[in-house]
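Let's take a walk through this structure together. Have the sequence and the 3D view at hand as you read.

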Amino acid sequence: WGRSVNAAGPAGGERWCVEKIPFFILSIAASITTVWAQQLLGTVQTVAKYPWTSRLANALLSYGSYLEKCFFPGKLAVFYPYPEHPPVGPVILSGIVLAAITAVAVWWRTKRPYFLIGWLWYLGMLVPVIGIIQVGGQGMADRYTYVPLLGVFVALVWLVAELTEDWSRRPLILGVVAAIIISASVTLTIRQLRYWQDSVTLFRHALAVTEDNWCAHFCLGYYFATSPAHEAEAIAEYRATLAIAPEFSEAHFSLGTVLARHPDTLPEAMAEYQNALRINPRYSQAQFARGKALMQLPERLPDAITAFESAVRLDPANPDAHLNLGEALAQIPQRLPDAINEYRTVLGLRPDLVEVHHNLANALAQIPTRLPEAVVEYQILLRARPDFSGDHNNLATVLAQIPGRSTEAIAEYEAALRVRPDDYYAQFNLGLLLSRLPGRTAEAVIHFEAALRINPDLEPARRALDQLRGDPAPQ
């Protein structure tokens, strides 16, 4: 390849350069797009967190480590933590090895151009992922070497082919060597695959072959947190994560989420959410989780509302944050209009959340001037779930408060009883409505009696029945 360019002369070299320009343009565009996308995700790390000296040292160390793991594939891990202080000795040794191989490749550039090409392939293809632009918290990753190591293999294969060209039994010897290499690779692959059988095995192996692996601890915590039986292990793993990476806001948040499941550890959960927000004030999930924890303490309702409002400001498209804010506001009569607005926002974001119509209808039903709106919401709810007696009962109760709609209210109470004949609330409410209508007292008595047969302890029904029969109230 190198000789063909030289043979072509200046014009040939010019054509070779020109034909590669579109590929360079595509590469630059892809690089810019990738960096931009990673910045939007917030994964591109700042120079303050990863100084240039640390990045360059880790790059040198990684170049050498990748070569070492290529030929001696031991201590492979799903995640290699970024070294806070790269060890000076290995960094210097890696630099010496890289410089020596580069010197040999340059020295052989005329005699063995393939070696220089393969080596430059390895060096160049690693540049985007070597950490000069640091993305994420890993120091290196095995997956980054899939393409770069092709250059090393090209250089070695061609070198072996050249050095063994005159061997009389070359095919046999190289075939045996290849069989040994392939067999060893298969054996090592089978062994490595055993570590991938489940999350616990994978990340515990990572802890065994690396140091200060905060990510492995965090992933183990995440796995254990999904099972109530392993909450203690989850807490231990999250605490181990924070012992290594105390400024890892996600670990504070995750630890708080597990602690918030139990009332006795709720104060600790609050502290963890606060730590997460101290590190990342724009952490909307932490604000939302803090609000849910505060909702467990009735005296902290105003603080819960403040937390939910912050979560909504940080993430306006989060329907759960709007819904929980609405539920908190609905507990304060003066804030019912605000709660209604939040419920309507939820339905704007997620029209499929039918249950929110129930919350909205209940809030509207508490404001006399908005009873017709409540009727509409209950009707929407009943179209989605017509066999839910409670919704029929609630709609009937609202209709009964609107002049001229008693007949519709009676029909809804009757619909509730068709769905659930033992619904004593519907029996009682229908009796109350009928007792207020001229000529319907006998029917009212029937429904009060039915309510008492279902629930003999329903005192309001007993009092209403006594009043209709003219019995004296008990002293």
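A residue counts as buried when its relative accessible area is under 20%. Keep in mind that this is a predicted model.

With that cut-off, turn to helix α12, which spans residues 284-294. Its buried residues are S284, A286, Q287, F288, A289, R290, G291, A293 and L294. Because nine of the 11 residues in α12 are buried, this helix is largely enclosed by the rest of the structure. And what covers those buried residues? The cover includes α10 (249-259), α11 (266-279), α13 (301-314) and α14 (319-329).

Next, find helix α4, residues 113-126. From the first C-alpha to the last, its 14 residues reach 20 Å, close to the 20 Å expected at 1.5 Å a residue. Y114, F115, L116, G118, W119, Y122, L123 and L126 are buried in α4, and the buried residues of this helix pack against α2, α3 (88-107) and α5.

Rolling a probe the size of a water molecule over the atoms shows where empty space is left. The second largest pocket holds about 1,200 Å³ of space.

In total, 33 residues line the second largest pocket, and K69, C70, P73, F153 and S185 lie nearest its centre.

Conventions: Residues numbered from 1 in each chain as written. Predicted model: local features only at pLDDT ≥ 70, side-chain atom pairs only at ≥ 80, totals over all residues. Heavy atoms only, no water. 1 Å grid on protein atoms, 1.4 Å probe; cavity = no way out; pocket = protein on both sides within 12 Å on 5 of 7 lines; lining within 4 Å. Points joined across faces, edges and corners; volume = space filled by probe spheres on them. Buried < 20%, exposed > 50% of the residue type's maximum accessible area, 1.4 Å probe, protein only. Helix = DSSP H or I, 4+ residues; strand = E, 2+ residues; numbered from the N terminus. Contact = heavy atoms within 4.5 Å. Expected span 1.5 Å × (residues − 1).
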